[in-house]
Amino acid sequence: MTFRDHARRQAAACAALGSPLTGRVLGLVADRLTPGRAVADRVLHWPAHRLHPDAVALRLAGALHHLVLGGQAPILARLYNAPDTVPDIQLWRAIEAVFRLNESAILATLDHAPQTNELRRSSVIIAAAQWLTAAFGRPLVLSELGSSAGLNLIWDHYALHIDGQHHGPTDAALTLAPDWHGAPPPMVRPVIRAREGVDLNPLDPVTDRLRLLSYIWADQRDRLDRTSHALDLAANLRPQITRGCAIDWLEHRLSRPLPQSLHLVYHTIMWQYMGTNLQERGQALLARAGAKLRKDEPLAHLSMEDDGAGPGAKLTLELWPSGECIDLGRADYHGAWVDWRAPALPV
């Protein structure tokens, strides 16, 4: 696969997920980018086997949006605000000029993987936490892998609205209302005993605010507004996030006893960015730790990840010490819809 192939695929995915502007930008990049300048040469010579796991096209789109949000690309910003009226040639000339005038800033952004921190994925976490609370009746200890700025580590401050039902605090900072298919989760309020997260590069909700917003597609104003609100909340709550390898950190977390609690380990669209060795090591750690547990101190592993089957991401819940693996259904990558298939619990 070449970078051009990769960018075209990502363009189609962005358009299908509700961002025609990002799809158009990446399509133009794929078709018109020419070698000979620093930004073009960097992406065109990216190792082919790393294009998808490194999300190179999204890094580039995020770099452009970061410059727009920061006021460093005013002409492109104007075009982003009214893309339907702009011909391709005008949009491409503006993009090309930004590449030329902001090489060092773009190259620096390309060094970092996207950290979208899409908080609507918390709809799945809320539903799973309510299901687990109803099933086990234990307070939860949360361990999130790939926390970024922690927006999906403070999900108990959000509410979930499904078919007229309000799940969560009545004074919730944000209300999530995905297109929900399937039975709603049990109407119970999880109790959070403790929470921590880990990330290779934790982002601060204040000092890294523009960077976090830049990875949200520029024409999705509702996502930008929602994330901005959640960043304000995270800035006040300051969830604890450790910098480091997720699997090293998880090994330490699993070694600590958690009396009379359910340990919920979870991640959303993060697993694919780790190498196969780390994935296998993480799964083995969970299985070994789970096999040693008492029945009244269970371990749960919630995964929302791309399995290539589509549509959206696969939702899986593994439970120990039973070793049970439950298919929870599927969800849109950004949480716009959830197809919930969790088994019914005894009344």
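The chain exposes about 15100 Å², of which carbon and sulfur atoms supply 53%; accessible areas come from the Shrake-Rupley method with a 1.4 Å probe. The model is predicted: local features need pLDDT of at least 70, side-chain atom pairs count only at pLDDT 80 or more, and totals for chains, interfaces and linings use all residues. Residues are numbered from 1 along each chain as its sequence is written, and side-chain values use heavy atoms, with hydrogens and water left out. Of the 347 residues, 52% count as buried, that is, under 20% relative accessible area with a 1.4 Å probe and protein chains only.

The chain holds 12 helices and 12 strands, assigned as DSSP runs numbered from the N terminus (helices H or I, at least four residues; strands E, at least two). Strands pair if DSSP finds at least two bridges between them. Strand 10 (residues 313-320) pairs with strand 11 (residues 324-331) in the antiparallel sense over seven bridges, and Leu317 has Ile326 as its bridge partner in strand 11. Three residues lie between these strands in the hairpin, where Gly323 takes a positive phi near 75 degrees. Strand 11 is also joined to strand 12 (residues 337-340), antiparallel, by three bridges; Asp339 in strand 12 is the bridge partner of Arg330. This second hairpin has five residues between its strands, and Gly335 in the turn has a positive phi of about 80 degrees.

Definitions and conventions
Buried means under 20% relative accessible area, exposed over 50%, partly exposed in between (1.4 Å probe, protein chains only).
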